[in-house]
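Please find below a colleague's note on the structure shown here.

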Amino acid sequence: MRRAGLGDGGSGNYVASGYSVYEEENEHLQEEMRAKASALKSLSIEIGTEIKYQNKMLDDMDTDFDSTGGLLGATIGRVKQLSRGSQTKLLCYMLLFCFFVFFILYWFIKLR
């Protein structure tokens, strides 16, 4: 007994069509995997670029902090030299002037 549409080699058609479905599904999954891999690649490249930029910024900040530390050290050395010398009177006047300026600024801020 023959079934409609099968013809003589009907079982071969079922095998071929099943293979075709699996092949198409594999190709579809392969394309999805390629898309995901390319997305991961571009993301890793962007992360690498960002890391390079952040490292450059950190190096610049380190250089700035070193130069600021050197400047601050030199300034403190000068203040110590002023305090050791016979110019203590000048240092006292300078401190009194700073207190006066801070008092005036505080008074202006308080009036607002």
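**Notes on the model**

1. The protein chain has two helices and zero strands; helices (H or I, at least four residues) and strands (E, at least two) are DSSP runs, numbered from the N terminus. This is a predicted model, in which local features need pLDDT of at least 70 and side-chain atom pairs count only at pLDDT 80 or more, while totals for chains, interfaces and linings use all residues. Residues are numbered from 1 along each chain as its sequence is written, and side-chain values use heavy atoms, with hydrogens and water left out.

2. Of the 112 residues in the protein chain, 2% are buried. Here buried means under 20% relative accessible area, exposed means over 50%, and partly exposed lies in between (1.4 Å probe, protein chains only). The protein chain exposes about 10800 Å², of which carbon and sulfur atoms supply 65%. Accessible areas come from the Shrake-Rupley method with a 1.4 Å probe, and for residues only the protein chains shown count as cover.

3. Helix 2 covers residues 88-111, and its 24 residues should span 34 Å at 1.5 Å a residue. The expected span is 1.5 Å times one less than the number of residues. The end C-alpha atoms of helix 2 are 35 Å apart, which agrees. Because the number buried among its 24 residues is one, helix 2 lies largely in the open.

4. Leu40, Leu43, Ile47 and Ile51 make a nonpolar surface patch of about 390 Å². Patches are made of residues with over 30% relative accessible area and no salt bridge; like charges are joined within 9 Å, and nonpolar side chains (Val, Leu, Ile, Met, Phe, Trp, Tyr) within 5 Å. Within this group, Leu43 belongs to helix 1 and is partly exposed at 45% relative accessibility.

5. A negative surface patch is formed by Asp59, Asp62, Asp64 and Asp66. Asp and Glu count as negative and Lys and Arg as positive, whereas His and the chain ends are not counted. The place of a charge is taken as NZ of Lys, CZ of Arg, CG of Asp or CD of Glu. Asp62 is located in helix 1 (residues 10-84) and is partly exposed, with a relative accessible area of 45%.

6. How many salt bridges does a search of the whole structure find? The search finds two, a salt bridge being a side-chain nitrogen of Lys or Arg within 4 Å of a carboxyl oxygen of Asp or Glu. One joins the side chains of Glu31 and Arg34 (2.5 Å, N to O). Both residues lie in helix 1, three residues apart, about one turn of the helix. Glu31 is partly exposed at 47%, and Arg34 is partly exposed at 47%.

7. The side chains of Asp60 and Lys56 also meet in a salt bridge (3.4 Å, N to O). Asp60 and Lys56 are four residues apart in helix 1, so about one helical turn separates them. Asp60 is partly exposed at 39% relative accessibility, whereas Lys56 counts as exposed at 51%.
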